[in-house]
Amino acid sequence: MASLATTGCSEKLCSREGDGIRRACTSSSPISRDYVDEKQARQEAALFLREAERTRKQIEKLEKERTLSVQCRKHGWTDVSGGLEEYERILGEERHAEMAKIKKQLEKIQNGVRKFQRLLIDVKPTPELIERLQVIMSEVEVAISALKEEQCTSFEGLLKEERICRQEIAAYGKKIENWNLAVNSEFKPPAAPTVKIKTLDRDLPAEVRAVESYLQKTGGTCGGWDQFDHQTFLRVWTKYSGQPAYRKEAKLYLPCKTLEEIQRHEEWHLELTYLQDRKREAIQRWKTSKELEHQTKIQRQEEAEQAERSKKEARNQAQQLKAEEEKRVAAQQLEEWKEAKRRKEEQEAEQQLAEEKRKSKREKEERRRQLIVKLSVEEQLRLKREEEEEWKRGRREEEEREMDERRKRAAKGIKRLSERTLPLQPAL
């Protein structure tokens with residue numbers, strides 16, 4: 001698959017280089033022709049992008065299937081995993097060699113195109129120049145054609161190998177199915193399980209059977225389509241929330257499908273969705289009824305167990321009375337022993353309590369003395385802070401009086417100065 005992606009990329013690059021040469025040679029052609037070439041190039045680019053996206057998804061799918069080798073190792077199939085790893089390594093080497101070869105060819109083509117473009121810049125047209133340009137253009141086109149032909153041959157070989165692999169996989173699948181049929185024919189189940197299975201089939205809701213019947217009639221879970229095409233349809237249909245506008249983009253991703261086929265597949269998908277919704281609702285109702293039956297059965301079992309427990313309790317009651325009498329005598333003796341022990345413990349506890357009280361009294365006296373010292377220190381600190389605050393307040397008041405004196409003197413000076421300047425103004 002990686003080779004397919006490489007082939008598509010090389011063809012696209014070659015077509016771009018060829019278009020560049022053609023645009024350079026026909027720079028003096030009409031605007032309509034440039035527009036047609038540009039439109040054709042866009043269509044080819046869109047087709048290439050769709051093919052590249054499809055190839056990328058196939059590669060991702062194959063990469064996910066590579067986890068089979070890890071499972072083989074877990075189950076001890078080292079010969080299978082070793083063969084797969086060796087084959088993967090060989091394919092990787094071939095892919096890298098092919099990519100290097102294609103890159104070398106593309107660089108050669110790109111160099112020819114750049115040389116061609118350099119000759120066209122600020123050069124007067126002469127017969128020699130035109131002939132030289134034609135030679136360069138023919139060489140580039142020959143290189144592009146050779147690369148395209150080589151990649152097409154490689155692509156056809158890969159398609160042939162893919163068809164062979166599909167046929168081999170289909171053959172192995174049929175062989176495995178035949179094995180299952182042979183095993184089923186040799187095994188004869190008993191009659192009771194068969195009746196039970198048929199009964200369970202009859203118990204299934206009609207909505208469940210409707211979905212299975214619909215899938216069997218319409219070609220399975222993909223509606224008769226290829227799984228990849230069906231997944232592509234679902235992705236586009238979900239993107240547009242089922243709006244009719246999705247059909248145009250779906251047609252781009254599914255070029256082998258017509259609009260009528262896409263519309264029929266949409267109708268099939270809507271019908272399947274409707275049946276599946278009904279199936280889910282029916283299953284939910286079935287689960288609810290089964291849950292009620294289960295609860296009823298549990299309740300009946302609990303009632304039966306309760307009756308059995310009552311009988312057992314009646315039988316055990318006489319034995320319990322005898323055992324209780326024996327326990328009472330033993331308990332009385334134990335109680336007397338506990339009473340003697342309790343009195344001894346009380347005496348010890350009283351002595352310990354008296355000692356703790358004396359200790360607590362000494363600790364209280366010590367804490368009271370420390371508290372008195374602490375209060376005296378705090379009082380001294382408070383008085384000191386008050387004195388400092390009083391001194392600061394007096395200092396501020398003194399400074400304010402000095403400022404008031406200065407302002408008054410300044411005001412008197414300004415007033416005298418203004419009185420001196422007033423008689424001079426009429427004279428001016």
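1. Contact here means heavy atoms within 4.5 Å. This is a predicted model: local features need pLDDT of at least 70, side-chain atom pairs count only at pLDDT 80 or more, and totals for chains, interfaces and linings use all residues. Residues are numbered from 1 along each chain as its sequence is written, and side-chain values use heavy atoms, with hydrogens and water left out.

2. Start with H269, which sits in helix α10. Helices are DSSP runs (H or I, at least four residues), numbered from the N terminus. Setting aside neighbours within four places in sequence, H269 touches F233, L234 and W237. H269 counts as buried because its relative accessibility is 12% (buried means under 20% relative accessible area, with a 1.4 Å probe and protein chains only).

3. Now the pair. Helix α8 spans residues 227–239 and helix α10 spans residues 259–421. They pack at an angle of about 80°, with axes 12 Å apart. Axes are lines fitted to C-alpha atoms over the stretch in contact, and angles run from 0 to 180 degrees between N-to-C directions. So α8 is roughly perpendicular to α10 (65 to 115 degrees).

4. Which residues in α8 meet α10? They are H230, F233, L234 and W237. Their partners in α10 are I262, H265, E266, W268, H269 and L270.

Notes: Helices (H or I, at least four residues) and strands (E, at least two) are DSSP runs, numbered from the N terminus. Angles under 35 degrees count as roughly parallel, over 145 as roughly antiparallel, 65 to 115 as roughly perpendicular and the rest as oblique. Buried means under 20% relative accessible area, exposed over 50%, partly exposed in between (1.4 Å probe, protein chains only).
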